[in-house]
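The sequence and the model are shown first.

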Amino acid sequence: MGAVAMDGLPPADLPEVAFAGRSNVGKSSLINAVTGRLHLARASTAPGRTRELNFFIADETLRLVDLPGYGFAKVGRGEKNKFQNLGRAYLRGRPNLKRAYLLIDSRHGLKDVDLEAMEAFDLAAVSYQIVLTKADKLKPRDVAQVTAETVRKIARRPAAFPRVIATSAEKGTGIPELRAEILEACAV
């Protein structure tokens, strides 16, 4: 289901994990890979397509939430602020949110806008874990380097989970590890 306002959220009766990240980082593709469903979350090449909170029930035991992307989107500033504020409100006020997964394009590493998102997670005391996407686009040694650099950058962040997972929705790299992290975070 999709929600365009906080009063349209499903009941807080299942543990939830949320996927956040810049527009076009691969949130929908990663959700599809994690669930093993090719077209569950709509993936698009145009940035900023996700403009609501999209909830997906997994095995009747937990929910995956696709948050609107931050950063570049081909919409007006007012519309962009509206759906990004919805994502922030969800992160601050959802009692059954077990962890947020902050997706970072492995080819680019952490950007200033990502650091702002991490600061918001830290201030809201929302546990988050970094997931590097599109790892298949790099050589293995480069993936190891960006992973180590990311671990170093998050080491002193209070709400950051200490493990970083490198993934590829296209090749399946890191998907079993991410599934295990989700199940552990939700105590399922």
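The chain exposes about 9,600 Å², of which carbon and sulfur atoms supply 51%; accessible areas come from the Shrake-Rupley method with a 1.4 Å probe, and for residues only the protein chains shown count as cover. This is a predicted model, in which local features need pLDDT of at least 70 and side-chain atom pairs count only at pLDDT 80 or more, while totals for chains, interfaces and linings use all residues. Residues are numbered from 1 along each chain as its sequence is written, and side-chain values use heavy atoms, with hydrogens and water left out.

**Overall organisation**

Of the 188 residues of the chain, 50% count as buried (under 20% relative accessible area; exposed is over 50%, partly exposed in between; 1.4 Å probe, protein chains only). The chain holds five helices and seven strands, taken as DSSP runs numbered from the N terminus (helices H or I, at least four residues; strands E, at least two). Their order from the N terminus is β-β-α-β-β-α-β-α-β-α-β-α. Among contacts (heavy atoms within 4.5 Å) with a separation of 6 or more, 71% are between residues 24 or more positions apart.

Strands count as paired if DSSP finds at least two bridges between them.

| Strands | Bridges | Residues standing opposite |
|---|---|---|
| β2 and β5 | six bridges | Ala20 and Leu102 |
| β5 and β6 | six bridges | Ala100 and Tyr128 |
| β6 and β7 | two bridges | Val131 and Ile165 |

From β5 the chain crosses through α3 to β6 in a right-handed β-α-β crossover; right-handed means that, with the strands pointing away from the viewer, the path from the first strand over the helix to the second runs clockwise. The β-α-β crossover from β6 through α4 to β7 is also right-handed.

In a regular strand the side chains alternate between the two faces of the sheet. In β6, Tyr128, Ile130 and Leu132 point one way, whereas Gln129, Val131 and Thr133 point the other way. Six of the six residues of β6 are buried, so the strand is largely enclosed by the rest of the structure.

**Nonpolar cores**

In soluble globular proteins, nonpolar side chains tend to be buried together. A nonpolar core is a set of buried Ala, Val, Leu, Ile, Met, Phe, Trp, Tyr and Cys residues joined through side-chain atoms within 4.5 Å. The largest such core has 32 residues, and Leu53, Tyr90, Leu102 and Ile130 touch the most other members. Two or more residues each are contributed by β2 (16-21), β3 (53-58), α2 (77-93), β5 (97-105), α3 (112-124), β6 (128-133) and α4 (140-154). The largest share, four residues, comes from β5. A second, separate core of 20 residues includes Phe19, Tyr101, Ile175 and Ala185.

Tyr90 is buried, with a relative accessible area of 0%. Leaving aside neighbours within four places in sequence, Tyr90 is in contact with Met6, Leu9, Glu16, Ala18, Leu53, Phe55, Val65, Leu67 and Leu97.

**Aromatic pairs**

A search of the whole structure finds three aromatic pairs. Rings of Phe, Tyr and Trp (its six-membered ring) pair if their centres lie within 6.5 Å; planes under 30 degrees apart count as stacked, over 60 as edge-to-face and the rest as tilted.

One of these pairs joins Phe19 and Tyr101, which are stacked at 5.6 Å centre to centre with 25 degrees between the planes. Phe19 lies in strand β2 and Tyr101 in strand β5, so the pair ties together parts that are 82 residues apart in sequence. Both Phe19 and Tyr101 are buried.

Phe55 and Tyr90 form an edge-to-face pair, 6.1 Å centre to centre and with 75 degrees between the planes. Because Phe55 lies in strand β3 and Tyr90 in helix α2, this pair links parts that are 35 residues apart in sequence. Phe55 counts as buried, at 4% relative accessibility.
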